[in-house]
Protein chains: 2
Amino acid sequence: MTHPRLTPLAATLPATVPFVGPEAQERARGQVFTARLGANESAFGPSPRAIAAMQQAATEVWMYGDPESHDLRTALAAHHGVSLANIMVGEGIDGLLGLLVRLYIGAGDGAVTSDGAYPTFNYHVAGFGGVLHKLPYKGDHEDPAALVAKAHETGAKLVYIANPDNPMGSWHAGPVIADMAANLPADCLLLLDEAYIDLAPEGTAPDIAVDTPNVIRLRTFSKGHGMAGARVGYAIGAAEMIAGFNKVRNHFGMCRISQAGALAALQDKAWIDHIRASTAASRAEIGRIAAAHGLSALPSATNFVTIDCGGDGAFARAVLTALVAEGIFVRMPFVAPQDRCIRVSCGTPDQIAAFAQSLPRALQQAKAG
Amino acid sequence: MTHPRLTPLAATLPATVPFVGPEAQERARGQVFTARLGANESAFGPSPRAIAAMQQAATEVWMYGDPESHDLRTALAAHHGVSLANIMVGEGIDGLLGLLVRLYIGAGDGAVTSDGAYPTFNYHVAGFGGVLHKLPYKGDHEDPAALVAKAHETGAKLVYIANPDNPMGSWHAGPVIADMAANLPADCLLLLDEAYIDLAPEGTAPDIAVDTPNVIRLRTFSKGHGMAGARVGYAIGAAEMIAGFNKVRNHFGMCRISQAGALAALQDKAWIDHIRASTAASRAEIGRIAAAHGLSALPSATNFVTIDCGGDGAFARAVLTALVAEGIFVRMPFVAPQDRCIRVSCGTPDQIAAFAQSLPRALQQAKAG
């Protein structure tokens, strides 16, 4: 029987998912997780003011959200000391990455990233027929100089870097990233994913002029602001580049409730301080738990801790499998040699205590092989 | 100065918006609208159970939504008597249309629609380099036979029809649409937009087997369910075709709060009956108001009424401009000769009363022209 014909590109794409959700794992296990520490969500939750704003907005959800996200963008522009025209709001950084790749990557165009960095970027590049150039991590850090060199070598149109990095938790000081931007080919766009910047040490965000034509910064309310389920990300960049989103985006794609929540969250500066403190405490506690079992926690500028399990990828996978079987949702989105690690999100003391309880049993099982 | 290079296609696209939102108009006017009757939103609101579910979900928004929307899809599958694999949830019909166009339309591929039908479909087709074949309405209805003939003539990959139609409010009986599907080339996909089907007479939805390989139906929680701001649409179709969405969609794009709200809304069958009754009453009232001023309201199977202003496009535009100046948000998304009309969404008695007050003044102004 004849079927409608996918485009030649779409026909070659696998129907894959960059990440399997914890709910799918729970359905497969027939049991919910005790501790949800695998997706770098903020178990400390969003600002109570954001929750109140969302609950109010739920009563007004018969109205479409403002397709321009004007109020939220105005507040973000003021927050960053830039103009309204320098800000675009979208359905999470994932959605914005997809749009940027669509705008810049055609069949055969090059994109540079680190091998083991955020897979959703790779998913989008493949989805638009681009060619990925992947470079190894260097000492568990992304390697800005190598990424820049590869961009020159390949004539790539996009370079992706996350600072701080997911999944390693490592980071570069702002000037390293600023140098990277300055040394890229002028016609190569730097996608600077700053999803975790709210949780990083002072000085991690580079000082790059907002009208720099080849840098776009991506931020989110999913991590520090604890609103992963609301899907609110935003891009900061030169007005001309930001206007490009209007060529292709789903103009009415932003949930009205999410817009209201993000606006309230941004205004609650005390809450983000509270989250920073809670996250730092949780990172330290995860580090202590790892150390107590002879494992080393990597330094982290994020809301998760990457733990070196001290063996090879097979050993770390065994630890992970045992933890998941115990009801602890953690992940290891790593490529060798970083796959010696597992990644544990910060969480409430109860969640971290559950992890602490399960870890020694998981290690024992993994050692027993 | 050198800039990053958009793809050749992206470079040709305008940074346009299919619809300007009422908020942008309010900002330009410096005043909010008295009655919001321009976007076919449901001023009757969502089910109180849906609001409660969204308010509860707001407290859990630190978690990503299930990327598979499993619970909502399961409920939708049961509701329609199909399998989970026949349902895909997305960020409104707009988002799903964009994905379908991406999957099927490459540079130069043809898509058939009616001239004056939903512009967001056209936006997506242009956005992926497709070629639009637009056919005139026939007696204020989309013309299924002509659309089918055009698909055969052009070898188009997609045909779009909305039943009931927006912006005319007209509809075809189910068997007419079923015939249309049966007569299309087997390799041409019918995008059947049923956004307004919840408000249409019994028998408007065609009886088409879900595993028909070249028909996909699009539904939404924006209209009958009154949740436009939540952005929840879904597609019903053959499992193989539905799986295609997983090649390209933003897997984590669905708001957690919206998923919870839609699930609760679907279960509140009494509310949708209430909305149907309220909408029918509002349609009748708008019809009476139009008649009282010598205008004719077109029959409608939707939550809006298209009113023939009795003159040409310039006259209808003058009526619209005067209404908007009075604080009544209405639209006229029409192409000649349908641009003799304005479109008024159903609303609460207060909103419709405000429209009734302003209409005679607007007509007077337009006549004074």
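Helices (H or I, at least four residues) and strands (E, at least two) are DSSP runs, numbered from the N terminus. The structure is a predicted model, in which local features need pLDDT of at least 70 and side-chain atom pairs count only at pLDDT 80 or more, while totals for chains, interfaces and linings use all residues. Residues are numbered from 1 along each chain as its sequence is written, chains are lettered from A and ligands numbered from 1 in the order in which they are written, and side-chain values use heavy atoms, with hydrogens and water left out.

Backbone geometry is described for chain A. Pro337(A) belongs to the loop between strand E11 (328-329) and strand E12 (341-345) of chain A. Asp140(A), a residue other than glycine, has a positive phi, near 65°. The loop between strand E4 (131-135) and helix H7 (144-154) of chain A holds Asp140(A).

The interface between the chains was examined next. Contact means heavy atoms within 4.5 Å; on this basis, 85 residues of chain B touch 85 residues of chain A. The size of an interface is often given as the accessible area lost when the parts come together. Here the buried area (the accessible area, with a 1.4 Å probe, that two parts lose on being put together, summed over both) is about 7,100 Å², and carbon and sulfur atoms give 60% of it. Trp62(B), Tyr64(B) and Lys247(B) supply 12% of the area that chain B buries against chain A, more than any other three residues.

A salt bridge is a side-chain nitrogen of Lys or Arg within 4 Å of a carboxyl oxygen of Asp or Glu. Over all chains the structure holds 34 salt bridges, and the count between chain B and chain A is eight. Arg27(A) pairs with Asp66(B) in a salt bridge (3.0 Å, N to O). This pair joins two chains, because Arg27(A) lies in helix H2 (residues 22-29) of chain A and Asp66(B) in the loop between H3 and helix H4 (70-80) of chain B. Arg27(A) also forms a salt bridge with Glu68(B), with the closest N and O atoms 3.2 Å apart.

Rolling a probe the size of a water molecule over the atoms shows where empty space is left. On a 1 Å grid over the protein atoms alone, a cavity is a set of points where a 1.4 Å probe fits but cannot get out, and lining residues have an atom within 4 Å of a point. Grid points are joined across faces, edges and corners, and a volume is the space filled by probe spheres set on the points. The structure holds eight cavities of 30 Å³ or more, and the largest cavity has about 540 Å³ of space. Its lining consists of 32 residues, with Gly95(A), Leu99(A), Asn250(A), Leu99(B) and Asn250(B) nearest the centre. Strand E2 (87-90) and helix H5 (92-104) of chain A, together with strand E2 (87-90) and helix H5 (92-104) of chain B, are the elements that give two or more residues to this lining. H5(B) gives the most, with six residues.

Within chain B, Arg283(B) lies in helix H11 (residues 269-292). Leaving aside neighbours within four places in sequence, Arg283(B) is in contact with residues including Leu199(B), Phe304(B) and Cys346(B). Arg283(B) and Leu190(B) are 93 residues apart in sequence and 29 Å apart in space, C-alpha to C-alpha.

Definitions and conventions: 1 Å grid on protein atoms, 1.4 Å probe; cavity = no way out; pocket = protein on both sides within 12 Å on 5 of 7 lines; lining within 4 Å.
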